[in-house]
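Welcome! Let us take a walk through this structure together, one place at a time.

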Amino acid sequence: MYLFRQASAVDKDANNNSALLAVRFKTTEKTVFFKQLSDYIASSYAEPPEAYRDDLRVLDELRQAATSALDVNNNVLKRNIRYYGQLCFILSKFPADVGIKFTWYSAFDPESSVTCQDLYYERACVLFNIGSIYSQLACRESRNDKDSLTKAFGYFQSAAGVFHLLQHKIVCECRSQLTTDLSSYMLTALENLMLSQAQECVWSRSVLSSMKDSNVARVAAQVAELYDVTIEAGSQGSLADTIPQAWLDTFKVKKLYFSAEAQYRKAQDCLASCHYGEEVARMKLANDLCGQINELILSDQRWSKHIRSAIVDMTKQQMELVSSNCSRATHDNDVIYLDPVPSASSLSAISPYKLAQSKAPEIVENPGKFLGEDDLGPPIFKGLVPFVIHQAASLYEDRKEQLVARDLIASLDELTADCESVLSSLNLPYALEAIQKPVGLPPSILVGADEIRSEGGLLGLKRLLDSAIGANKRANDYLDESERALIDEAREDQRVRLNAPPGSERANRPPSNELTNTFHSEIARFRNTLHEASQKDALIKDIVDKWSNFLSLLSCSRDEIERQVPSTTVNPITDPNHSRIVERLQQYMGEVSIMKRERLKSIEKLKRIAAEDDVTPALNEEMQRLASLSSTPILKYELHQFEDVFLQRLDKYTSWRKYIAEESEVQTELLDSIREANQAFIMARTNHPLLQQREQFLIGMDTAIKRFREVSFNLHDGLRFYAKIESDLAKLKDSCMDFAMARHLNAKDILGISQEDMSAALSQSSGQGGANAVWDPSMPLRYSKRD
């Protein structure tokens with residue numbers, strides 16, 4: 001634990017004799033940046049962490065210096081501001097969560113803490129302590145001379161400004177749970193308290209300077225008003241349970257005290273102005289307020305214990321002064337002046353005169369202006385590329401991927417798929433191959449047949465299917481054994497508990513149905529999975545049966561396949577017009593091949609351009625441009641600031657949309673020409689039945705090859721699935737058997753009988769056996785009552 005806890009205790013004692021309140025420090029646990037931040041730089045920035053060893057060491061030293069203060073002085077303040085300023089800068093380099101845990105305790109509840117991985121939380125806690133230091137420095141100033149009061153006034157204004165900054169700009173950026181002293185209600189209350197005490201310093205200086213009573217009254221009225229606001233803020237939410245009760249009591253006493261002071265000073269001004277009746281009215285009003293203070297402090301011992309002695313002394317002196325002057329004013333007016341005394345409600349309100357303002361020091365509000373100077377030192381991690389640049393590069397890659405792969409390339413692939421779909425609907429190129437090769441087989445058929453033979457042909461496919469069906473059966477057998485073990489154990493449990501005396505160990509034995517819910521749920525889940533797998537196996541079997549004739553043929557040798565395929569050599573087509581039609585269709589199909597080949601080259605070119613498109617240099621240039629426009633090096637970069645870079649870089653892919661539109665137009669024209677030529681081709685071969693038979697046979701074999709590949713893949717995948725599920729079911733079966741055996745041994749222990757007596761005990765208990773019964777190990781155990 002760092003030494004802030006000791007410091008807060010010292011500060012509390014040191015300020016007990018002061019009429020002003022100081023905010024305690026937040027305390028923290030030791031945290032080291034070096035290891036975690038080094039690992040984060042190596043993994044997330046792709047930079048060598050060794051280059052930042054000095055920065056990491058300095059950061060650890062800054063935290064150590066800021067969080068190990070033993071006393072409150074300007075050196076401690078400077079160390080905290082220096083650490084805070086560097087934290088502000090590194091938050092422009094790192095994300096909030098870099099894997100480092102920060103633990104901070106509440107200033108008002110030292111046992112309450114929050115631990116989280118949030119650099120914004122660390123910064124907020126350090127800034128809170130800066131506000132605390134300002135408040136403690138103010139309270140340590142003397143109230144007996146003007147210079148000290150001026151310093152205290154400045155410190156309190158700075159503290160109020162820090163708490164205002166904390167509430168409105170710092171805490172809102174935290175991304176985790178916060179300690180209660182960082183809540184919006186608490187920070188509002190602390191800001192108002194600091195303003196109240198700053199205004200109180202103005203009042204003290206006004207009194208020491210012998211300022212006119214009318215002006216002192218206005219200053220005091222403002223103090224009372226600020227304490228009233230502080231009371232209201234301190235009553236919000238759950239603050240009444242968080243703020244020390246002594247503070248809340250002090251707020252109320254101070255409000256009454258300065259309200260009385262304002263009326264007293266205004267009464268003195270009335271005396272100087274010869275307004276004797278109003279003087280009496282205001283003196284009485286001040287006297288009533290003093291009476292309220294006296295009643296609070298004297299009537300309730302809790303108040304007298306909570307209120308500091310310095311404040312109690314102030315109220316006593318005020319009470320004596322006001323009381324004597326009230327008596328004098330009343331006597332003089334009754335005897336000498338006889339001026340009418342107005343009612344309290346008719347008195348004009350005292351116009352407050354506010355001088356206290358929330359003013360955070362510029363080094364705290366804009367620390368970037370002081371980086372590189374002696375106050376904050378040179379910025380650490382200055383050479384590290386901000387994390388937002390990595391985020392921006394990643395975002396650009398996502399958008400580029402979306403544009404290139406999922407838009408441009410996908411559109412080109414869709415064009416190709418549409419082309420193939422149209423050709424397939426026209427039975428091309430198989431119809432042409434049937435004409436071009438009246439005998440023999442197309443290369444795609446030969447390759448597919450070789451593949452089928454290499455995998456064992458139709459018989460090999462059926463063996464895979466049989467293996468899958470067998471694996472499904474074995475898996476179900478595992479489930480049956482598991483379920484049987486649970487059922488047998490449940491029957492045995494019922495017989496053990498039968499006729500058991502109430503309250504006995506047998507009667508209190510947990511029933512099986514309470515212990516086996518998980519087992520039964522697992523069995524049901526696996527049953528459902530195996531049923532779905534069995535349906536898929538059946539679907540695969542139907543496909544194999546449907547295409548078995550073609551698959552059987554494709555399992556044969558090339559010569560055998562060629563003999564089975566219809567040939568047109570016995571009746572060739574000799575019509576010259578038909579030859580011209582075929583040549584034209586062949587030309588179009590050749591153009592399709594060229595178009596698809598060139599399209600693949602274009603896709604490869606597009607992929608290469610996208611792979612070489614590194615946006616990082618452009619992002620760095622934009623970052624430098626934004627930095628040159630800023631007056632501070634602490635520039636919080638946002639992703640939207642790089643949108644122009646994204647648009648400019650992605651604009652170079654616009655030309656590809658034009659290319660896709662041109663490709664679509666060319667393909668549409670080419671397919672229209674193919675449809676026209678194919679119609680003529682169909683008319684020319686209408687009267688050639690062998691040609692149509694050969695064409696349909698080739699289409700059937702090509703489809704059978706595709707089905708073989710699909711079925712083979714699914715069966716291999718299914719066997720891997722069954723191997724995994726069989727392993728899981730074997731473990732489930734063992735667990736069920738172990739459970740049943742454990743329950744069996746537990747039953748034997750409860751009944752206190754030997755293995756040889758089990759059969760008789762069970763038979764007697766169940767009423768199903770005689771004295772000479774023999775235990776059958778395959779049957780559930782039966783127990784009898786003990787003699």
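**Cysteines, helices and loops**

Cysteine 88 is buried, with a relative accessible area of 7%. Here buried means under 20% relative accessible area, exposed means over 50%, and partly exposed lies in between, with a 1.4 Å probe and protein chains only. Before we go further, please keep in mind that this is a predicted model, in which local features need pLDDT of at least 70 and side-chain atom pairs count only at pLDDT 80 or more, while totals for chains, interfaces and linings use all residues. Residues are numbered from 1 along each chain as its sequence is written, and side-chain values use heavy atoms, with hydrogens and water left out.

Let us stay with the cysteines for a moment. Cysteine 201 is buried too, at 3% relative accessibility. How far is the sulfur of cysteine 201 from the closest cysteine sulfur? The distance is 8.4 Å, to cysteine 139, which is too far for a bond. A disulfide is a covalent bond between the sulfur atoms of two cysteines. It is counted here when a pair of cysteine sulfur atoms lies within 2.5 Å, and the structure holds zero disulfides.

Now step back to the whole chain. It has 27 helices and two strands; these are DSSP runs numbered from the N terminus, with helices being H or I of at least four residues and strands being E of at least two. Of the 787 residues of the chain, 47% count as buried. Looking at contacts (heavy atoms within 4.5 Å), those in the chain with a separation of 6 or more come to 81% from residues 24 or more positions apart.

Next, find helix 6 (residues 146–170) and helix 7 (residues 184–208), whose axes come within 8 Å and cross at roughly 165°. The axes are lines fitted to C-alpha atoms, for helices over the stretch in contact, and angles run from 0 to 180 degrees between N-to-C directions. The two helices are therefore roughly antiparallel to each other, a label for angles over 145 degrees, whereas under 35 is roughly parallel, 65 to 115 roughly perpendicular and the rest oblique. By class, the contact of helix 6 with helix 7 has 16 nonpolar, eight polar and three charged residues. In this scheme Ala, Val, Leu, Ile, Met, Phe, Trp, Tyr, Cys and Pro are nonpolar, Asp, Glu, Lys and Arg are charged, and the others, Gly among them, are polar.

Two loops deserve a visit for their backbone. Most residues other than glycine have a negative phi. Serine 210, in the loop between helix 7 and helix 8 (213–234), has a positive phi near 55°, and it is exposed at 64% relative accessibility. Cysteine 274 sits in the loop between helix 9 (245–272) and helix 10 (276–299). Its phi is positive as well, at about 65°, and cysteine 274 is partly exposed at 47% relative accessibility.

Finally, which residues does leucine 355 touch, not counting residues up to four places away in sequence? They are Phe153, Gln157, Gln199 and Val202. Leucine 355 belongs to the loop between helix 12 (309–337) and helix 13 (362–365), and is partly exposed at 37% relative accessibility. Its C-alpha lies 8.2 Å from that of valine 219, a residue 136 positions away in sequence. Isoleucine 682, in helix 25 (residues 654–684), is partly exposed with a relative accessible area of 33%.
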